[in-house]
Amino acid sequence: MSFSLDLTDEQRQLREWAHGFAADVVRPAAAEWDEREETPWPIIQEAAKIGLYGFESLAQFWADPTGLSLPIVNEELFWGDAGIGMSIFGTTLAVAGIFASGTPEQLAEWVPQCYGDVNDPKVAAFCVSEPEAGSDVSAMRVRARYDEAKDEWVLNGQKAWITNGGIANVHVVVASVDPELGARGQAGFVVPPGTPGLSATRKIKKLGLRASHTADVFLDDVRVPGHCLLGGKEALDERLARAREGRKAKTQAALRTFEVSRPTVGAQAVGIARAAYEYALEYAKQRVQFGRPIIENQAIAFTLADMKTEIDCARLLVWRAAWMGRNDKPFEAGEGSMSKLKAGEVAVWVTEKAVQILGGAGYSREHPVERMYRDAKIYTIFEGTSEIQRLVVARAISGMHIR
């Protein structure tokens with residue numbers, strides 16, 4: 001299959017459907033949930049009711065052979081609002097973690113439990129980052145020890161900045177099984193609902209994405225059954241043996257998940273940027289200074305032209321990476337990281353320009369661009385900072401281990 005820039009009728013309908021939900025349900029509620037800094041459960045439930053939130057819809061998006069359905073839906077939802085969008089799509093990262101490393105049986109068992117049902121929707125959390133292991137995933141301190149007598153894994157340690165941490169039905173935890181092997185000695189585990197020893201007492205108050213719950217997660221002798229090891233023990237033992245012998249390993253658990261999800265995260269950033277650009281464009285057409293609309297000033301018009309160009313550029317990189325990922329094309333030049341890098345930086349730049357075009361009005365909470373500006377910043381930080389994305393691309397294009 002070749003990459004085409006023409007959307008199919010199904011993709012166009014999907015975009016209109018997601019856009020309608022974003023415009024009618026998400027946007028009107030955005031300021032309120034940002035102010036409350038709480039998970040918008042009623043909106044998650046509305047999304048579940050129309051089939052936008054749930055494992056069936058995610059499977060449908062993923063089934064698209066072009067890989068574009070997931071980025072299209074994410075862009076529209078985050079155009080509506082990033083905080084609410086993350087509350088709805090935060091679960092996807094945990095699902096991607098199960099999908100990247102799990103067996104078909106594990107997918108069937110755990111993915112539905114990540115979402116719950118329409119009457120009682122649930123969320124899931126993907127737990128990788130730690131206080132001392134953010135960009136440096138190999139420095140992970142959370143340990144997983146196998147208790148052979150009981151066929152249980154015992155997890156201990158702390159995870160930091162976890163989306164849906166503590167409020168999740170299912171937590172997917174990446175832990176170190178063999179610390180001497182660094183990143184290659186890690187594995188993913190599902191912590192089932194209600195497992196004793198997992199707690200999240202500290203909710204984090206954030207600059208942006210305030211409607212999305214973020215917390216530190218503590219694991220104190222958390223015991224999970226042997227079948228909760230993603231991929232199974234046989235595959236893990238084989239992988240660890242290969243690593244100990246110095247043979248080339250496949251990508252480790254956390255990085256595999258991020259590779260799958262980076263273009264989707266990039267699409268979220270594009271959605272925020274597009275929302276800010278559209279608002280600034282309309283404002284510039286209506287705002288009169290010195291007897292004419294400010295868009296008639298070349299400085300404003302050229303800035304808007306640059307904003308539009310950068311957004312379209314970022315979207316094309318996201319779509320390319322999404323298509324490559326879906327069609328098993330290797331990211332030989334770090335195309336997944338490239339898409340997330342560009343989209344995140346564009347979101348920060350475009351939202352800042354939108355605030356500038358609105359002037360004093362842009363700095364007030366009466367207009368949504370200040371919220372978009374706050375929401376955009378995290379896209380140069382989480383799921384790999386801009387610096388880490390550049391490192392991935394630099395290593396890919398040079399073939400050298402640049403530090």
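Threonine 380 touches Lys340, Gly344, Glu345, Val348, Thr385 and Ser386, leaving out residues up to four places away in sequence. That makes a handy way into this structure, which is a predicted model. The protein chain holds 13 helices and nine strands, and 52% of its 403 residues are buried.

**Overall shape and surface**

- The radius of gyration of the protein chain is 21 Å, which agrees with the value near 22 Å that a compact globule of 403 residues would have.
- Along the principal axes, the C-alpha atoms of the protein chain fill a box of roughly 80 × 50 × 40 Å.
- If you look at contacts between residues at least 6 apart in sequence, 74% of them join residues at least 24 apart.
- The protein chain has an accessible surface of about 18,200 Å², and carbon and sulfur atoms account for 52% of that surface.

**The largest nonpolar core**

- The largest nonpolar core has 108 residues, and the members that touch the most other members are Ile88 and Leu304.
- Helix 8 (residues 253-286) gives this core its largest share, with 13 residues.
- Setting aside residues up to four places away in sequence, leucine 304 touches Tyr277, Ala280, Leu281, Ala284, Ile295 and Ile357.

**Threonine 380, back to the opening residue**

- You will find threonine 380 in the loop between helix 12 (369-376) and helix 13 (386-398).
- Threonine 380 counts as buried because its relative accessibility is 8%, and the cut-off for buried is under 20%.

**Two loop residues with positive phi**

- Asparagine 164 is a residue other than glycine with a positive phi, near 70 degrees.
- Its loop runs between strand 3 (152-163) and strand 4 (170-176).
- With a relative accessibility of 1%, asparagine 164 counts as buried.
- Aspartate 328, also a residue other than glycine, has a positive phi near 55 degrees.
- The loop that holds aspartate 328 lies between helix 9 (298-326) and helix 10 (335-358).
- Aspartate 328 has 70% relative accessibility and therefore counts as exposed, the cut-off for exposed being over 50%.

- Glutamate 46 is part of helix 2 (residues 41-49).
- At 33% relative accessibility, glutamate 46 counts as partly exposed.
- Beyond its neighbours within four places in sequence, glutamate 46 is in contact with Phe21 and Val25.
- From glutamate 46 to alanine 305 the C-alpha to C-alpha separation is 36 Å, and the two residues are 259 residues apart in sequence.
- Glutamate 105 sits in helix 6 (residues 104-115).
- The relative accessibility of glutamate 105 is 57%, so glutamate 105 counts as exposed.
- Glutamate 105 and valine 190 are 85 residues apart along the chain, with 13 Å between their C-alpha atoms.

How values were computed: Residues numbered from 1 in each chain as written. Predicted model: local features only at pLDDT ≥ 70, side-chain atom pairs only at ≥ 80, totals over all residues. Heavy atoms only, no water. Helix = DSSP H or I, 4+ residues; strand = E, 2+ residues; numbered from the N terminus. Rg over C-alpha atoms; globule rule 2.2 N^0.38 Å. Buried < 20%, exposed > 50% of the residue type's maximum accessible area, 1.4 Å probe, protein only. Contact = heavy atoms within 4.5 Å. Areas by Shrake-Rupley, 256 points an atom, 1.4 Å probe, with all protein chains shown as cover. Core = buried A, V, L, I, M, F, W, Y, C linked by side-chain atoms within 4.5 Å.
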